[in-house]
Amino acid sequence: MSRRLQHIFRGDPWIWAIVIALSLIGILAVYSATGTLAFSKQGGNTEFYFLRHTGFLLIGLFFLYLCHLINYQYFSRLSQLFLWISIGLLVVTLAVGSEINNATRVLPIPGLGITFQTSDMAKLFLIMYIARYLSKNQDEIDSFKVFRNILFVILIVVGLIAPENMSTALVVFTTCCMLLFIGRINTKYLAMLAGGGILMFTILVVVLLNLNTDNMGSTRIPTWKKRIEVFMGKDGGEGSYQQLQSKIAVATGGILGKGPGNSTQRNYLPHPYSDFIYAIIMEEYGWMGGALLVGLFLLLIYRCLRIVIQSPRAFGALLALGLCFSMSFQAFVNMGVAVGILPVTGLTIPLVSMGGTSLVFNSIAFGVILAVSRTIEEDRKKEKEEPVAAA
Amino acid sequence: MSTTRKKSKAAAKPKVNTRRAILVRAYLVFGLALVFGVAVLVSAARLQLGSDKQFSEALKQKNTRVVDVRAVRGNIYADDGSLLATSIPRYDLVFDAWSDGIASMPGNIYKRRMDSLCLFMAAQFPDKTLETWKSYFANLRKNKVRYVVVRKDLGFDVVKRMKTWPLIDLGKFKGGFWYEEHGKRLYFMGDLARRTIGYIKDSVAIGLEGAFDSLLRGRDGKRMEQRMPGNTWRPVQVGNYKDPLNGYDIVTTLDVNLQDVAQNALNKVLADNEADHGCAVVMEVSTGAIKAMANLKRGKDGTYGETQNFAVDEFSEPGSTFKLLATLALLEDGLAKPTDSVDINWGEVKMFGETMKDAHKQPKRFFTLQESFEQSSNVGISRMVLKHYGKQPGKLVDHALRLGLNLKPEFDIRSSGQPRIKTPKSPDWSNTTLPWMSIGYETKVSPMQILMMYNAVANNGRMMKPYMVKEIRKEGLTISKIEPRVLDEKIAGEETIAALRKMMEGVVDHGTAKNLKSEDFLIAGKTGTAKISKGKKYEEGSYKASFVGYFPADKPQYTVIVVINEPRKGAYYGGLVAGPVFRDIAEKLYATSTAILPTLGTNPLPNAPYVLKGNLGMTKVVLNSLGISSQADSGQTGVTGWIEARKKEYSVALSPLSVSPKQVPDVRGMGLRDAIQLLENRRVAVTYDGYGRITQQSLPPGTALQDGLKIHLTLEPF
């Protein structure tokens, strides 16, 4: 039985298990958390968001399955083309994207009535591209030229995301830096970059806090300022309200939680189904539920490390690690916000938070990781068989 | 082969190093993730277990609350659709001086918008000057006040106008201004039918408002609010809870005009007689619909007001109006005929040691049953009853039970009391019970019950359920229509009903209510004069006067009951005291009811109205459409086209009016429109005050015309 399953679901079974577990947790949490949204937007049709989420998830899992059957080395080439498409779409999004919460983050897909967050796509292909670039240039990885060239690409993408979605941009940038680090870019340069980044960020924060934002209504600048102020405890506005309600959710959940569907804080939290999904999980499934989720993402990273150990090629290792860090990092930021150790951002937990196209892109990311894992496994089997055949 | 191997080894060697380097660094990052994951879980544990009591439920309750959003209460309408009670929405203008939109609005744009908004505010609400408004809003902005009620209780018209004002037009999130709606209950009839329409106050539910509260109330919604600095509360938009569901409207059968007449007539009679309290109820014969219901009680200052619904609530000894039951029983059981004679001994006999006597000495020793009823002879009725039911009292009681007199009638307005009909099995039944019960004592019923019984007789024996709500509506659409309901298809045989009706006609024609006789239409009814018992004793000089009847007697349309309690100025007979109220109501109904007019067999010509001076053509159009003939005095009318009208009995005479094109005309007696036309054609500027017809003009008629003339007209109503 397990063999037959292994034949259909190839690659690391642990990662498959993680995908299934995250999906199930997500469906449960989203169904519970969308109750009030369903009442205000869908006339009390509580199944609407549940079905929509599940639908996107199934589409995503379909793509995941397809991706994991592809030899991962094809992604190396694909990444070049798709990165430039993504950059083009990011530009279009900035120009015409529809407004959500004063942020033009999404691009409507004509005819389908759905929108997609172009940053999700860009993130995926940027990581692929970096993995390709680093593996191709392992021989002169220490040179400043390699560092400069890849940093240039990263900054283009991050720069296009940043104006409308600073938190995603920061997460993408940090993930990329980690990837550069793992990819053996000279630590000296990275340290300089980190130092510079921290300096820039500090300056930005200081400037923001002292800036009169009265004349910047149409940009996101006042919102950034507000959020930083909130995190620093300066403003008693909406943000501190959100954080307070989130902390209440975590605190009242206790060790074992209130049970599925019993969240009360979902009525007080904005976007309980995405930005504050971890708070809802903590409330309904308690500390244990929250720990399970943390454990799943740590396990994901660990399994990807196993891939690195086995991977004969740098590309596969970097690709799997990059994607898994990107998703885990995002998840940890979401969790950090929920428990109050990070300021309020609009980041989601991959596969768990309600989403449309982001579910599909995250599934594809998992599919790519599994593709790497599958290819390596099968190559190793062949290697083992070869000597037998030779003898 | 070996060379290739070496090559591959050489190529693989750096790869192995690379892999190791990558792995080491990856483990480092994994370590970071592990630390962060642990940090998340530790923080969560601290929130759950730590001393951070601030995140308990109690804190949440302190900082947020869920409040009811009141649903708009439904309206109550009269039968013609006019409003009796309504909840009008009132709006409070609310401002969030630091909403996202305002906080991020460029300063110069904000200032420009706010300045022009203040101009509008100062014009609309002059209690604050432009400068005060400006500094008011500047202060709110400076202090970042998140929730403040700028203006309370605004009407819809004002709100509609304000929606185009700067900032307000941007809506709640961008402009910071929004409205909060609440309902205010308005009663349009003042004291009229106040008790009948009722009210809800501190869980006391009265009248229709109380009876139909569940429908009128609707369902309140809920929303969440967050505590703001300064103990104010601001609604939070987090997936709203439940929208309120507005209440249903109810359409009553009440006739506003009739209610007015009934109440005024009742008030006058009560005041004239210095009576304690009274009620008057009008019921439509064929349906049982209540067209008017007035209840008045004397206050400490001698004025009357609606404080209690006596018509449905006061269960007491009805007196002579109850004789209808005994008479009905005697006839229906075939025990007596209207012509049967009874010894009344001039109106006073002894019965079981008690004195039974009529209101005054009778002129004869013997009365027929018909005469006993018409003259309201206590002795006549009670002796007749004693003779036929003395050995079988239960049989008479059965008639009362069959009519449901022992049960509280089902009605839209609840009553708190209970009727009481004694039966031979009752512990307090005695020898005297039967005769006294037959004349309306030792029994407790409400005026409404008496009214239902008489209405059944007027309706050829069919007893109708009284009702006051005929339709339930929701936003103008009919949800349900309440149809008249028959309680008893035939309370007695046709002969019995015919005989009873004849007796009741006799009461008005030559009996105790002959003062009510009208030349216009026939009335039938019964008077009642009961001594009022206070506890067990009947107090001397304490009476209840009543009259219940229907009209027109030959084709009954309405049944009316009038009860006057404790008149204190001499007269206390039902016919004399309660009768006038009945007559006022009947006359009003007679004058307005199309159902009654044709029965009179006449089709009176409309009386000629008063006609203003004015344009010939227009006057003719109006008169013709009213079917009033008019005669123009001579062909001269056509010369000027203006006429003066003179009223004849059934027609109007129109005579020409001379208006010179060179002089100020005489516009006195004209309507404003005609006068302005005439004067402005002569280049005279017109100002005016008042309304109605013109009674004064500042320039005398005949003044020569010249440029720049001004005239002031004074108008007065007719």
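This is a predicted model: local features need pLDDT of at least 70, side-chain atom pairs count only at pLDDT 80 or more; totals for chains, interfaces and linings use all residues.
## Around Lys163(B)

If you want to find this lysine, look in chain B, in the loop between α6 (156-162) and α7 (172-175). One distance to go with it: the C-alpha atoms of Lys163(B) and Phe177(B) are separated by 9.8 Å, with the two residues sitting 14 apart along the chain.

## Charged patches on the surface

Let's start with the positive charge. Arg3(A), Arg306(A), Arg380(A), Lys381(A) and Lys384(A) gather in a positive patch on the surface. Helix α14 of chain A, residues 357-390, gives the largest share of that patch with 3 residues. Arg3(A) belongs to a helix too, namely α1 (residues 2-8) of chain A. It counts as exposed because its relative accessible area is 75%, and the exposed class begins over 50%.

Glu519(B) is exposed, at 84% relative accessibility.

## Salt bridges in chain A

Over all chains, a search of the whole structure turns up 28 salt bridges. One of them pairs the side chains of Glu378(A) and Arg10(A), at 3.5 Å from N to O. This one links distant parts of the chain: Glu378(A) is in helix α14 of chain A, Arg10(A) is in the loop between α1 and α2 (13-33), and 368 residues separate them. Both ends are partly exposed, with a relative accessible area of 25% for Glu378(A) and 27% for Arg10(A).

Another salt bridge joins Asp12(A) to Arg303(A), whose closest N and O atoms are 2.7 Å apart. Here again distant parts of the chain are linked: Asp12(A) is in the loop between α1 and α2 of chain A, while Arg303(A) is in helix α12 (residues 277-310), 291 residues apart. As for burial, Asp12(A) is buried and Arg303(A) is buried as well.

Over in chain B, Glu209(B) and Arg73(B) form a salt bridge with the closest N and O atoms 2.8 Å apart. Glu209(B) is in helix α9 (residues 207-211) and Arg73(B) is in the loop between β1 (64-69) and β2 (76-77), so the pair ties together parts of chain B that are 136 residues apart in sequence. Both of these residues are buried.

## Strand pairing in chain B

Strand β21 (residues 469-474) of chain B has a partner in strand β10 (residues 249-252), which runs antiparallel to it and is joined by 4 bridges. Ile250(B) stands opposite Ile472(B) in that pairing. β21(B) is also joined to strand β22 (residues 477-481), again antiparallel and with 4 bridges, and there Ile472(B) stands opposite Ser480(B). The hairpin of β21(B) and β22(B) has 2 residues between the strands, and Glu475(B) takes a positive phi near 45° in it.

Further along, strand β33 (residues 710-716) pairs with strand β31 (residues 685-689) in the parallel sense over 5 bridges. Val686(B) has Ile711(B) as its bridge partner in β33(B). Strand β32 (residues 693-697) pairs with β33(B) too, in the antiparallel sense over 4 bridges, and Gln697(B) is partnered there by Leu713(B).

Now for some backbone angles. Arg683(B) has a positive phi near 60°, and its place is the loop between α24 (672-681) and β31 of chain B. Arg683(B) is exposed, with a relative accessible area of 66%. Over in chain A, Arg184(A) has a positive phi near 70°, in the loop between α8 (166-182) and α9 (187-210).

There is a cis peptide bond as well, joining Phe551(B) and Pro552(B) with omega at about -15°. Pro552(B) is found in the loop between β25 (537-551) and β26 (558-565) of chain B.

Note on methods
Residues are numbered from 1 along each chain as its sequence is written. Chains are lettered from A and ligands numbered from 1 in the order in which they are written. Side-chain values use heavy atoms; hydrogens and water are left out. Patches are made of residues with over 30% relative accessible area and no salt bridge: like charges are joined within 9 Å, nonpolar side chains (Val, Leu, Ile, Met, Phe, Trp, Tyr) within 5 Å. Accessible areas come from the Shrake-Rupley method with a 1.4 Å probe; for residues, only the protein chains shown count as cover. A salt bridge is a side-chain nitrogen of Lys or Arg within 4 Å of a carboxyl oxygen of Asp or Glu. Lys and Arg count as positive and Asp and Glu as negative; His and the chain ends are not counted. The place of a charge is taken as NZ of Lys, CZ of Arg, CG of Asp or CD of Glu. Buried means under 20% relative accessible area, exposed over 50%, partly exposed in between (1.4 Å probe, protein chains only). Two strands pair if DSSP finds at least two bridges between them.
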